[in-house]
Amino acid sequence: MRLSFHGANRGVTGSCHLLELDGLKVLVDCGLFQGGREIDEENAAEFGFDPREIDLLLLTHAHLDHCGRIPLLVKRGFTGEIIATPATRELARVILLDAAHLQEEEAERNARKAKRRGKRADAPLYGELDALNAMDLFGRRARYEQPLELSPGVTATFYDAGHILGSASIRLTYRDGDQEKAIIFSGDIGSSDRPMLRDPHVPPRAETVVMETTYGDRDHKPLAPSIEEFYGAINEAMARGGNVIIPTFALERAQELLYHLREGVESGALPRTLQVFLDSPMAISATEIFRHHPDCYDEEARALFERDIDPFWLPGVHFTRETADSMALNRLSGGAVIMAGSGMCTGGRVRHHLRHNLWKREASVIFVGFAAPGTLARRIIDSSKQENTKPQVRLFGDDIPVNAHIYTINGFSAHADRDELLAWHGAIKPERTILVHGEEKAMESFAEALHGTKVLMPEQGESIDL
């Protein structure tokens, strides 16, 4: 058996791992690299394997950094079966079509600029047709804790990872001589005691674990004070007469924030007149999908549905799908909470809202998720911490002063923190632990805390014989 690593190696995006076993080639995830402009070349590069030779793709969840290169995989010849949970399947359709649309839009803009300079622009990484072709390859639906046979003697079982709707850790079992052995791909592990989704379910023991380490070097701030800080940041901006811009991941984070905003209005922690705009067609579609799967929720959220209470609705919420409605939000001088993608500000409508609000001293920008190095989100956060300078960021070709109040509230993370990762790992007790999907500093810190297991931290393209 051989494992090779083609993304999220000593980094947090682009998850892609290849398992070769008894002639079977199984890919686990095929995500998009995210970050600065230089990442475009990394996404367009060769995979490090022949897509035509891959038999199966097992998808842990629908975040772009885990599924975003699937249309490119198909475009380059993959014709195998894609297996995912029902919720992941629905969400992936929305995510991939949106990503394809953005790829085509950006390619069109670049083509216009290149034409003016007498040059040729690169084609999009993939288009909407490639995304639709990829959806045609989604086959069996994985049900939690129900084994699926991949080939004689090889099975895959999906376990609820508690990260986003439909997310899974995947345990593969196989024969090694007279013994049955197992390898687990953690996917992204969720944090416990969160609203809406169930806590992560730890799979049974395995000899080898391929494990994410996004927050391997630190613990999260508890949720209750994070919610209090979130409400405080909104109320302070309302008192100043400014807008609140929240760069928001369309999956899980947007729905979780709507959940807390509803609770805040109902409890009186936020004004009942609060006007909230979910300015993300993808997040709006994802919210509808969340409503389809109350079976994935914890007891508290399920109880709301049973009482006919929509956990994502509050009196002043507005869903803005159309571009014209989104542009109209930029005429609001204050009093609005605008949630828009992308969460790392690498694209989407949030960049326009930042352009119109980042320079205003009465405005607030609230970051409630991870900001990878090289992204606009990280640059805004870092610039706001600079002393004795006039912080600014480059946006749409202009230098925009960072005068708005900048908040980073990490307690909302959908990722398990260091203690939770250690507990998850300790319950499995693997002989071999392969660390992926984390910044090198976090990965090394987490590795030092592991005992009784052989720890490996592969480089991009590295292969390991098991």
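**Conventions.** I number residues from 1 along each chain as its sequence is written, and side-chain values use heavy atoms, with hydrogens and water left out. As the model is predicted, local features need pLDDT of at least 70 and side-chain atom pairs count only at pLDDT 80 or more, while totals for chains, interfaces and linings use all residues.

**Sheet.** I looked up the strand order (strands are DSSP runs of E, at least two residues, numbered from the N terminus; two strands pair if DSSP finds at least two bridges between them). I found an open sheet of 7 strands with mixed pairing, in the order β6-β5-β4-β3-β2-β1-β22. At the edges stand β6 (138-141) and β22 (463-465), each with a single partner strand, so one side of each has no neighbour in the sheet.

**β3 and β4.** I noted that β3 (residues 24-28) and β4 (residues 56-58) run parallel and are joined by 3 bridges. Valine 26 is placed opposite leucine 56 of β4.

**Helices α7 and α8.** I then turned to α7 (residues 253-267) and α8 (residues 281-292), whose axes come within 9 Å and cross at roughly 75° (helices are DSSP runs of H or I, at least four residues). The two are therefore roughly perpendicular, a term for angles of 65 to 115 degrees. In contact (heavy atoms within 4.5 Å) are Ala254, Gln255 and Leu258 of α7 with Ala283, Ala286, Thr287 and Phe290 of α8.

Key. Axes are lines fitted to C-alpha atoms, for helices over the stretch in contact, and angles run from 0 to 180 degrees between N-to-C directions. Angles under 35 degrees count as roughly parallel, over 145 as roughly antiparallel, 65 to 115 as roughly perpendicular and the rest as oblique.
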